[in-house]
Amino acid sequence: MYEVGLKRHFIARHVIPDGPHGEREPHSHEYVVEARLEGGGLDAKGYVFDIVELKHAMDATLEKYSDQFLNNLPDFKGVNPSMENLARVLLNDIRARIRPGNLKAMEIKIWESPTAWAAFRVDNFAPEG
């Protein structure tokens, strides 16, 4: 299995209403987002996936969330904007922006600090819909 990945970052604010004391107040994180794509083979250029296409998809997705208060966005209506839920939301948005080709799996890992992260993975790459 081949893998390719890319890191991007963005800043956003949120509140975790039922979280630990500090999480119950509005606060921001500089999130680091790692995307990892897996495929069983390479294309004619020798790529499992074109990293430039992944960069454009990630940048377009992260632009929607950058400098936003996540709790107010439609993607988090009735859902805590936890790292876990944010990883799922970002993965689904990025996945909808790229062609599946020979991809088998995708994972998004989000770091909200140098030591804390969460991830969401799909093993069936076909876009939702």
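This is a predicted model: local features need pLDDT of at least 70, side-chain atom pairs count only at pLDDT 80 or more; totals for chains, interfaces and linings use all residues.
# A guided look at the sheet and its helices

Visitor: Which residue in β3 does Leu37 have as its bridge partner?
Guide: Leu37 also finds its partner in β3. Here too the two strands, β2 and β3, run antiparallel. The partner of Leu37 in β3 is Met106.

Visitor: How many bridges pair strand β1 with strand β2?
Guide: Strand β1 covers residues 2-14 and strand β2 covers residues 27-39, and they pair in the antiparallel sense. One example is Arg13, whose bridge partner in β2 is Ser28. Between β1 and β2, the number of bridges is 13.

Visitor: How many residues does the hairpin between β3 and β4 pass through?
Guide: β3 and β4 pair in the antiparallel sense over six bridges. Among the bridge partners are Ile108 and, in β4, Phe120. The hairpin that joins β3 to β4 runs through a number of residues, namely five.

Visitor: Which strands stand at the edges of the sheet?
Guide: The open sheet has four strands in the order β1-β2-β3-β4, with antiparallel pairing. An edge strand here has a single partner strand, so one side of it is left without a neighbour in the sheet. The strands placed like this are β1 and β4 (117-122).

Visitor: By what angle are neighbouring strands of this sheet turned against each other on average?
Guide: Picture the four strands in the order β1-β2-β3-β4. Taken on average and with direction ignored, each neighbour is turned against the next by 15°.

Visitor: Which strands does α1 touch when it packs on the sheet?
Guide: The direction of α1 makes about 15° with that of β1. Packing on the sheet, α1 touches β1 and β2.

Visitor: How many charged residues are in the contact of α1 with α2?
Guide: α1 passes α2 in a right-handed crossing. From α1, residues including Glu53, Leu54 and Lys64 meet α2 residues, among them Val89, Asp93 and Arg97. By class, the contact has nine nonpolar residues and one polar, while the charged ones number four.

Visitor: Is the pair of Phe10 and Tyr31 stacked or edge-to-face?
Guide: The structure holds two aromatic pairs, and this is one of them. Phe10 in strand β1 and Tyr31 in strand β2 are 21 residues apart, linking distant parts of the chain. The ring centres are 5.2 Å apart and the planes are at 25°, under the cut-off of 30 degrees. Therefore the pair is stacked.

Key
Residues are numbered from 1 along each chain as its sequence is written. Side-chain values use heavy atoms; hydrogens and water are left out. Two strands pair if DSSP finds at least two bridges between them. A crossing is left-handed if the near helix is turned anticlockwise from the far one by less than a right angle, and right-handed if clockwise. Contact means heavy atoms within 4.5 Å. Ala, Val, Leu, Ile, Met, Phe, Trp, Tyr, Cys and Pro count as nonpolar, Asp, Glu, Lys and Arg as charged, and the others, Gly among them, as polar. Rings of Phe, Tyr and Trp (its six-membered ring) pair if their centres lie within 6.5 Å; planes under 30 degrees apart count as stacked, over 60 as edge-to-face and the rest as tilted. Axes are lines fitted to C-alpha atoms, for helices over the stretch in contact, and angles run from 0 to 180 degrees between N-to-C directions.
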